[in-house]
Amino acid sequence: KSFQRLTDNEKHAFVSLAVFPRWFGIEEATTVLDLKTVRITKKIIRSLERKSLIDCCVEDSECSFTVHSLLRDFVDEKKIGDEAIGASFDAAQRRFYYVDIMCFEEANELFFTHHSSEAVKTFHTKSPLPSLFEGVRYDNLYPKVVEVLSKAEVFLYAVGHDKELLFVDLYDTALKEARKRRNEDDERKLLTSKSFHQIAWFSGGRQS
């Protein structure tokens, strides 16, 4: 009933924000909602908060928001039976992938500018790897995924030195997409970065 009482804009916003599996900020929400200003985003989020559809947390004067997991399940059910809701969710999902990919790029740049602790914190807070795996399949996100992966191998090792198979799987996924698109330049870039795997996880039993 709470959902049915929402305006069309609020329904769109609520469904779109349900793509976040974690706490999110106003700027992230603005991108996912595809809105022009933070002011408009704040107005919509506050309205959803008053209707108990969004949770808010204030820490160090910073506001974070989240959609409860049960409400995300509700959206999952609604999008299956409602084509408009499904389309709205899918569009927001792609924008969410973009947010995560850009966060990953920012963390990688921090890592190489002597802010490694902040970079690692950003990586573990945002957990962007699923978005890299999924984003590479979309035409508008594929170039950015290739760009960031082609210069992130050292950072990926630093944050996941115990995740060798995940490292390989991530690059293999991107390589598969590059080959499907017959983009040899992208394939070379990805292979170069992936080759770091042979050094980083080098062991006596794997000498060649």
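In the predicted model, the protein chain exposes about 12,100 Å², of which carbon and sulfur atoms supply 50%. Of the 208 residues in the protein chain, 43% are buried. Along the principal axes, the C-alpha atoms of the protein chain fill a box of roughly 65 × 40 × 30 Å. The side chains of the protein chain include 31 positive and 34 negative ones, and a distance of 4 Å separates the centres of these two sets.

The secondary structure of the protein chain comprises 12 helices and 2 strands. With regard to contacts between residues at least 6 apart in sequence, 61% join residues at least 24 apart.

Lys126 lies in helix H6, which spans residues 116–126. The relative accessible area of Lys126 is 18%, and this residue is classed as buried because the value falls under the 20% limit. When neighbours within four places in sequence are set aside, Lys126 is in contact with Arg22, Glu28, Asp100 and Cys103. One of these residues, Glu28, is also a polar partner: the side chain of Lys126 makes a polar contact with the side chain of Glu28 at 3.1 Å.

Definitions and conventions:
Residues numbered from 1 in each chain as written. Predicted model: local features only at pLDDT ≥ 70, side-chain atom pairs only at ≥ 80, totals over all residues. Heavy atoms only, no water. Helix = DSSP H or I, 4+ residues; strand = E, 2+ residues; numbered from the N terminus. Buried < 20%, exposed > 50% of the residue type's maximum accessible area, 1.4 Å probe, protein only. Polar contact = N/O pair within 3.5 Å; in protein donor to acceptor, adjacent residues only side chain to side chain. Contact = heavy atoms within 4.5 Å. Areas by Shrake-Rupley, 256 points an atom, 1.4 Å probe, with all protein chains shown as cover. Lys, Arg positive; Asp, Glu negative; His and termini not counted. Charge placed at Lys NZ, Arg CZ, Asp CG, Glu CD.
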